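Please open the model in your viewer and keep the selection tool at hand. The stops below take you from one selection to the next, with a short account of what is found at each.

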Amino acid sequence: MKVKMLDEQVSKSCKEGQKHIEVGDLDNKEISTDLLIIGAGPGGYVAAIYAAKNGLDVTLVERERLGGTCLNVGCIPTKTLVKSSELSHNIQRAKEFGIEIDGNVKINMEAIIGRKDEVVDRLVSGIEFLMKKNKIKVIVGQASFVNKTTVKVTGSINHLVMAKNIIIATGSKITRVNIPGIDHPCVLDSTTALASTDLPESITIIGAGVIGMEFAFIYRNLGVDVNVVEFLDRPLSMLDKDVSKEIQKICKREKINIYTGSRVTKIEMSDEGKALVTYESKKGEQTLESDKVLVAIGREPNIDGLLLENSGVDLNENGRGIKVNKAMQTSNNHIYAIGDVTDILQLAHVASNQGLVAVDNILNKDITMDYKAVPNVIFTSPEIATVGMGEDKAKEKGLDITVSKARFMSNGKALSMNETRGFVKLVKDNKSGQIIGASIIGPDASNLITMLTTAIAKGLTDTDINKIIFPHPTTGEVIQEASQGF
């Protein structure tokens, strides 16, 4: 059965002016259901809609707002701030395009955060509409297992839910780090930063992973002086070294100061109310002064309050996250887990796909997850996107590969946009001739990666890509140029 694009449905419901729909309270305290889903993020609510469309009676439990971390305090709000910050940056560069702006440009952080909240609220309202439309029962409260088939939900009304099958989709939570002074009022995490209407003149970000680097560019594009302190030897260490080097070079040009190989030891407040971040590096002990500090160390699976010991569900060997097979099935055959709580890949689109796979297996379809072609996008300026196996990983595995790279500086569309930084890199397996990995850093990376994801998923070779007609002038032509470089 084909499932309509959920984003299209949400968008339609929003355009039609749907208001928030109260779906929280149920009259009955005891419920029997075909499928209970715990967590209403992009994994949980997508699975719920798909299951309902396939004839299952579905109950969804969420202790906060529908949409989960991604919609409320993650993907969507950060991308909304990214857009505002990019617009600010473009206005500052307007003269390069022949546009002269008289007077000062004012950053209204209250309006920026207000717009972010409006976008989030519209999307949450859309999901609520889809729950009602698909007759999905929604309970607001904390879920905890009573036994292998029964879950207690504690909320304004307590419920006891007995389910034939259960999907755990509780996502992740911010990792707590033991840095002395982390509780000072000047210290933010990603959630509080997304709600702050106070734009500092300077900020020190602890952690140069995805969250840290996205915020680094958000703040810098809004005119904030930015320092980033990273324990490892390079920012975005999950990327190939040349991609990390490229973004580090761009950071230097944009006056984002990155201190790698540095361990933060304490955070203090000066007499003037400034934040003092002390870190240790090869140069010894150093201190950075700023108005605010953002701790962006990362996230970890959220199993708080679930009482998994009553469910017959095992954790992974390292104790982080729930152990699942390729069908997203746990050690209890009737319980599945999807998304960040599995500690496989912390990506919203992966959670959604895992949710569909879990439901298909509940429907007795033999479907498994395939992680060969999972795209990942980092919304820095410029954007970074990857898919498949990177060059460094392929070499580490001893694969016989060839790498081809093409830069945006010679691309007509990129030149017209004045966005010539970065490159497209393709990794080819010489044995099969197939493209097995790709990295893009540059304009439109978040859109361009879809084409390469398709290429890797379908096992295309460089010859196959060369036969494709690319429209001109577009940034996509850099993909073809890279393919022709083998």
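Colour the pair by accessibility, and Glu396 counts as exposed at 62% relative accessibility, whereas Lys393 is partly exposed, with a relative accessible area of 41%.

Next, colour the chain by confidence. The mean pLDDT of the protein chain is 94, with 94% of its residues at 70 or more, but over residues 1-27 the pLDDT stays under 50, although the model has 49 contacts beyond four places in sequence for that stretch. Where pLDDT is low, the predicted coordinates should not be read in detail.

Now select Lys425 and Asp240, whose side chains meet in a salt bridge of 2.7 Å, N to O. Lys425 belongs to strand S21 (residues 423-429) and Asp240 to the loop between strand S10 (225-229) and helix H8 (241-253), so this pair ties together parts that are 185 residues apart in sequence. Both Lys425 and Asp240 are buried.

Move on to Lys274 and Asp291, a salt bridge in which the closest N and O atoms are 2.4 Å apart. Here Lys274 sits in the loop between strand S12 (263-269) and strand S13 (275-281), and Asp291 in the loop between strand S14 (284-290) and strand S15 (292-295), so the pair ties together parts 17 residues apart in sequence. Lys274 is partly exposed, its relative accessible area being 26%. In total, the structure holds 27 salt bridges.

For the last stop, display the second largest pocket, which has a volume of about 480 Å³. Of the 21 residues that line this pocket, select the closest to its centre, namely Glu86, Asn90, Glu383, Glu419 and Asp444. Then show helix H4 (75-92) and helix H12 (445-457), each of which supplies at least two residues of the lining; H4 gives the most, with six residues. Coloured by class, the lining of the second largest pocket has eight charged, eight polar and five nonpolar residues.

Note on methods
Residues numbered from 1 in each chain as written. Predicted model: local features only at pLDDT ≥ 70, side-chain atom pairs only at ≥ 80, totals over all residues. Heavy atoms only, no water. pLDDT = per-residue confidence, 0-100. Contact = heavy atoms within 4.5 Å. Salt bridge = Lys/Arg side-chain N within 4 Å of Asp/Glu carboxyl O. Helix = DSSP H or I, 4+ residues; strand = E, 2+ residues; numbered from the N terminus. Buried < 20%, exposed > 50% of the residue type's maximum accessible area, 1.4 Å probe, protein only. 1 Å grid on protein atoms, 1.4 Å probe; cavity = no way out; pocket = protein on both sides within 12 Å on 5 of 7 lines; lining within 4 Å. Points joined across faces, edges and corners; volume = space filled by probe spheres on them. Nonpolar A, V, L, I, M, F, W, Y, C, P; charged D, E, K, R; others polar.
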